[in-house]
Amino acid sequence: MKTQFVALRTPIIAMIVALTITAVLLLLAGADVFAAFGVLLTGALTTPSRIADMLMLLAPLLLCAVGLTMSFAAGQYNLGIEGQMTVGGVAAMWFLRGYQDGAPVLVYWIGAVLCGMLMGALWALLVALLKRYMRVSEIFAGLGFNFVALGLALYLVFGPWKRPGVASMSGTEPLADALWLPTVTGTRLTLVTPLLAIVMLAIVWRLIRHTHWGLQVRACGLSALASVRMGVPATRRTLEAMALCGACAGMAGALQVIGVYHALVPNVASGIGLMGLLVALLVRADIRWVAAVALFFAVITSGSIQLPLTLSIDSSISGVLQGLIVLAVIVARARRGEEVA
Amino acid sequence: MKQQMVSGRTSRTMMLVVVALLSLVFSACAAKSSAPAADEKFVFGLVLVGPINDGGWSQAHYDAAKYVESKIPGSQMVYVDKVNPADRPNVKVEQVVDELIAKGAKLIVTTSDDFKDGTRESAKAHPDVTFVHASGDDVLTGKAPANLGNMMGRMEYGKMIAGCAAALQSANGNISFIGPLVNDETRRLADSAFLGAKYCWNKRGGDPAALKFNVTWIGFWFNIPGVTLDPTKVVNDFFTAGSDVVISGIDTPEAIVEAGKAQAAGKAVFAIPYDFKDACAKGEAACLGVPYFNWVPAYTKLINDVKAKTWKSEFTMFGPDWADINAVEKSGIGFVKGKALTAENATKLDAFIAELAGGLNLWTGPINLQDGTAYLKAGEVATDKQVWYMPQLLEGMQGQSVSK
């Protein structure tokens with residue numbers, strides 16, 4: 001009991017610090033602080049349709065956070081997650097463009113998701129290979145590849161995949177209605193999306209915590225050199241972990257195309273990968289907390305849409321709060337001399 | 001070590017604080033949830049692509065809606081602004097519409113070309129709510145459900161006046177146009193500005209071959225760093241390349257801001273902003289005038305029609321009231337002359353406006369498209385649809401007609 005409280009103390013102090021700073025900011029903006037927190041925490045949960053929208057944000061966020069937990073466990077700070085999500089969306093769209101009326105949609109859905117996963121994995125592998133063989137930091141390589149991925153999506157949307165006669169970043173022509181993932185009546189929830197996220201969570205959980213492979217990955221994360229000396233194929237494990245992370249992100253991108261945007265939009269990643277990074281930073285490669293933290297982030301992000309409507313407060317306060325929590329936790333860890341992430 | 005010893009008590013205290021804090025929050029929102037319903041209220045919702053103070057397109061909508069709200073008793077506006085992939089990356093139009101309807105909106109106006117698909121989906125999901133997509137064409141294409149209409153101002157006239165003002169004041173006839181993305185609407189408006197410029201340039205006695213009209217598209221309605229071209233840079237490139245008037249077709253005021261700075265630095269350059277009545281304020285010394293949307297008449301009619309249940313799905317276009325194009329309650333399209341327009345040119349511009357009011361139609365053939373194909377035969381007058389669905393820029397204009 002006591003040790004658990006000790007473990008929880010850092011996040012709780014950090015949470016209070018973050019909430020306090022956010023409250024001060026809200027006060028400075030002349031807002032009703034309690035009402036604002038109320039909207040943030042419960043706004044996404046008040047109607048079935050809002051819960052559905054929150055779950056549709058949670059699913060790709062969870063996929064990214066799960067993937068990143070994998071890559072963090074291997075000691076890789078995969079900042080290229082947004083790009084991996086983007087190319088996942090691009091690959092899915094590429095596959096779906098072959099669809100013709102009457103073709104079996106299930107084949108196209110599965111194909112699109114697999115294409116997204118494959119492309120996301122390859123994109124992540126590029127970063128990992130650059131790190132392993134060219135000594136390019138995966139942080140900078142990942143960020144660089146994010147821009148390349150965005151450039152690719154922009155080129156396709158403005159160029160070969162443009163709407164007839166139109167050049168706009170608003171996206172490609174929408175997919176045929178049949179290709180839209182079916183939704184729960186009256187909402188925008190496509191059940192399969194959160195289900196797939198949970199499946200990936202379960203798979204990665206099992207891999208990291210209950211397999212020899214996962215042990216080796218974690219050993220690489222702790223010390224690549226030591227793990228090599230212990231006979232762990234460190235290069236291979238690191239590349240595999242990165243590829244798996246990329247696959248998760250690519251799957252998220254593909255699902256955004258068939259389940260949310262129903263088209264390829266340049267901003268298909270839309271900051272979800274970065275939010276996943278915040279989640280991964282908070283849980284520090286501990287897969288047990290990923291779902292809870294991702295849920296919390298999804299709830300406040302989704303609920304924040306109501307801030308401008310009900311209280312005339314800018315919704316970006318949710319991002320401020322998320323950022324502050326992560327910052328406070330990292331500062332608290334640094335003060336205690338722990339490893340930061 | 002010491003920390004460890006006291007930690008048990010401290011954490012329990014902290015847990016208490018957190019629980020207390022959370023319960024406060026929850027009770028605060030519970031108290032908020034029961035608002036009394038006012039009688040005879042009519043709530044209408046706006047979905048805006050930019051911020052309400054963008055000094056352009058979105059502000060024109062917002063200000064008009066505010067004005068109408070103050071004039072029609074019982075009406076109340078609710079809105080969400082900045083609905084675009086840069087400002088609200090994970091928010092879809094459909095979601096915003098749901099929130100506005102949850103606030104009681106019986107009428108939803110969506111105001112960006114970008115919202116076409118989302119508006120249609122929302123309209124299908126909420127058959128009891130009236131939807132109007134400003135700048136869309138779902139009614140023309142037959143895709144609109146019965147509760148979705150379209151409306152748009154005949155900005156062609158505003159742009160013709162803008163083009164004329166540019167041609168009157170330009171020293172060298174080198175005019176540039178900064179456009180958003182390429183589609184029917186933006187081609188239509190760029191073409192209209194060109195037609196106005198050509199007419200007034202020729203009337204002024206300028207050498208027809210000397211008139212240059214160069215169009216650059218940035219890729220969206222406003223600057224999105226890393227995604228669109230940077231409008232500030234585009235405008236300055238125009239000036240560097242010898243243009244002395246820039247006409248803006250984007251939602252934000254970079255053209256007038258940069259022209260104002262260049263004027264202050266001693267360059268004789270001018271700009272014509274877009275969308276919003278007071279846009280000249282961002283660079284008075286360089287402003288030739290601004291064509292703007294006045295949504296007041298359209299919103300007033302729309303709300304009254306929906307309230308009276310006489311509204312039906314149609315494609316509505318409104319234009320200037322030629323008796324006074326700047327009449328707040330009557331004219332849907334206006335033009336405010338800028339301080340930089342000389343008195344002589346202002347008189348000539350008024351004469352041009354009077355000609356338009358008298359029935360001058362610049363969309364009369366012969367008009368060729370940019371690639372040389374004939375669009376209108378000699379004497380042929382364009383139909384509304386021919387103007388709306390403008391396939392290319394016109395012969396004599398430089399710039400991209402469709403996407404790369």
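Residues are numbered from 1 along each chain as its sequence is written, and chains are lettered from A in the order in which they are written. Because the model is predicted, local features need pLDDT of at least 70 and side-chain atom pairs count only at pLDDT 80 or more, while totals for chains, interfaces and linings use all residues; side-chain values use heavy atoms, with hydrogens and water left out.

**Two helices of chain B**

- Helix α3 (residues 93–102) of chain B and helix α4 (residues 116–125) of chain B have axes that come within 8 Å and cross at roughly 45°, where helices are DSSP runs of H or I with at least four residues and strands are runs of E with at least two.
- α3(B) and α4(B) are therefore oblique to each other, a term for angles that are not roughly parallel (under 35 degrees), roughly antiparallel (over 145) or roughly perpendicular (65 to 115).
- In the contact, B:Val93, B:Glu94 and B:Val97 of α3(B) meet B:Gly118, B:Thr119, B:Glu121 and B:Ser122 of α4(B), contact meaning heavy atoms within 4.5 Å.

**Aromatic rings**

- Over all chains, the structure holds 18 aromatic pairs, a pair being rings of Phe, Tyr or Trp (its six-membered ring) with centres within 6.5 Å, counted as stacked if the planes are under 30 degrees apart, edge-to-face if over 60 and tilted for the rest.
- One of these pairs is formed by B:Tyr157 and B:Trp322, which are edge-to-face at 5.2 Å centre to centre with 90° between the planes.
- This pair links distant parts of the chain, 165 residues apart, since B:Tyr157 sits in helix α6 (residues 155–169) of chain B and B:Trp322 in the loop between β11 (315–318) and β12 (333–337) of chain B.
- B:Tyr157 is partly exposed, with a relative accessible area of 25%, and B:Trp322 is partly exposed with 27%, on a scale where buried means under 20%, exposed over 50% and partly exposed in between (1.4 Å probe, protein chains only).
- The rings of B:Phe194 and B:Phe213 have centres 5.5 Å apart and planes at 75°, so this pair is edge-to-face.
- B:Phe194 lies in helix α7 (residues 184–203) of chain B and B:Phe213 in strand β7 (residues 212–217) of chain B, so the pair ties together parts that are 19 residues apart in sequence.
- B:Phe194 counts as buried at 4% relative accessibility, and B:Phe213 counts as buried at 0%.
- One aromatic cluster is formed by B:Trp57, B:Tyr274, B:Phe293, B:Trp295, B:Tyr299 and B:Phe318.

**Backbone details**

- Most residues other than glycine have a negative phi, and most peptide bonds are trans.
- A cis peptide bond, with omega about 5°, joins B:Gly365 and B:Pro366, and B:Pro366 lies in the loop between α11 (343–357) and β13 (367–368) of chain B.
- A:Ser270 has a positive phi near 45°; A:Ser270 is placed in the loop between α10 (234–261) and α11 (272–283) of chain A and counts as buried at 1% relative accessibility.
- B:Ser135 has a positive phi near 90°; B:Ser135 is placed in the loop between β4 (130–134) and α5 (138–141) of chain B and counts as buried at 6% relative accessibility.

**The surroundings of B:Leu148**

- B:Leu148 is found in strand β5 (residues 148–153) of chain B and counts as buried at 1% relative accessibility.
- Not counting residues up to four places away in sequence, B:Leu148 touches several residues, among them B:Thr119, B:Phe131, B:Val139 and B:Trp311.
- B:Leu148 and B:Thr119 are 29 residues apart in sequence and 8.3 Å apart in space, C-alpha to C-alpha.

How values were computed:
Axes are lines fitted to C-alpha atoms, for helices over the stretch in contact, and angles run from 0 to 180 degrees between N-to-C directions.
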